[in-house]
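Me: Can you walk me through this model? I'd like the contacts and the surface.

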Amino acid sequence: MNNIAPDSKKLTRKERYQFLINARNFHYDNFNKWMTYFYVANGALFVGYYTIASNANMSTEKLILITLGYITSLFWYWSSKGYYFWNINFITLVNDCEKNTLKLKKKERVYSVFANKKTQNNYLNPISGANISTSKIAILFSFVISIVWSVLLLEKLKEMKLMEIHFLCEFIISTLVTLILSYFIPKYFLKSKIDHFHDLKINQIT
């Protein structure tokens, strides 16, 4: 960390602002790299599973691939949620720096102003843009992939005569199990250690 951040006592207000933006961009670049790993891993597991799906003699291999797919998609989902949490933190800090450190007026701030909010904001027009959070889409997409893997896992267990369940129940169980796992495992085993950090409790409205 010392190689990345200069001594905070020597930072000017402008340097502090630039450092926050650089930290936010560094986090964003890392997220893109991590997401690529998850895309490749999930794609490889899907291809691997469907390559042997018609082979009746590879039940164990299929079960292993599906289980790995579900675990990988869960990690992907949790990583997406984690990125969004940290991204909002960095944006909030940059906004606060513009307001309280640089003392910029509202219209002079870069990270808390928007140009023409209504322009190209059309949800029905297929060739127009719209106000949609791509970060939230990434979270939702990874969650859906997790559900798909979970349903495949339950289908495989049903095929192996280990359980008998209706498809609708599979979907419900998959959703509930994924949500429960996503609450307990990240909260108690994967969360970042930030309790010792001071919470600025910044008001984003002003």
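Predicted model: local features only at pLDDT ≥ 70, side-chain atom pairs only at ≥ 80, totals over all residues.

Me: How many salt bridges does a search of the whole structure find?

Reply: The search finds 4. A salt bridge here is a side-chain nitrogen of Lys or Arg within 4 Å of a carboxyl oxygen of Asp or Glu.

Me: What does Glu159 form a salt bridge with?

Reply: Its partner is Lys156, with the closest N and O atoms 2.9 Å apart. They sit about one helical turn from each other because they are 3 residues apart in helix H3. Helices are DSSP runs (H or I, at least four residues), numbered from the N terminus.

Me: Is Lys156 buried or exposed?

Reply: Lys156 is buried, at 1% relative accessibility. Buried means under 20% relative accessible area, exposed over 50%, partly exposed in between (1.4 Å probe, protein chains only).

Me: Which side chain does Glu170 meet in a salt bridge?

Reply: Lys158, at 3.2 Å, N to O. That pair links distant parts of the chain, with Glu170 in helix H4 and Lys158 in helix H3, 12 residues apart. Both Glu170 and Lys158 are buried. Glu155 joins Lys158 and Glu170 in a network of salt bridges.

Me: Switching to the core. Which residues touch the most other members of the largest one?

Reply: Met35, Leu65, Ile66, Trp76, Tyr77 and Trp149, out of 22 residues. Helices H1 (13-51), H2 (59-101) and H3 (134-159) each give two or more residues to this core. A nonpolar core is a set of buried Ala, Val, Leu, Ile, Met, Phe, Trp, Tyr and Cys residues joined through side-chain atoms within 4.5 Å.

Me: What does Trp76 touch?

Reply: Its contacts (heavy atoms within 4.5 Å) include Met35, Phe38, Phe141 and Ile145, leaving out residues up to four places away in sequence.

Me: And where is Asn116?

Reply: Asn116 is in the loop between H2 and H3. Asn116 counts as exposed, at 55% relative accessibility. Its C-alpha is 56 Å from that of Ser59, 57 residues apart in sequence.

Me: Last topic: how many disulfides does the structure hold?

Reply: It holds 0 disulfides, a disulfide being a pair of cysteine sulfur atoms within 2.5 Å. Cys97 is buried at 3% relative accessible area, whereas Cys169 is partly exposed at 36%.

Terms used
Residues numbered from 1 in each chain as written. Heavy atoms only, no water.
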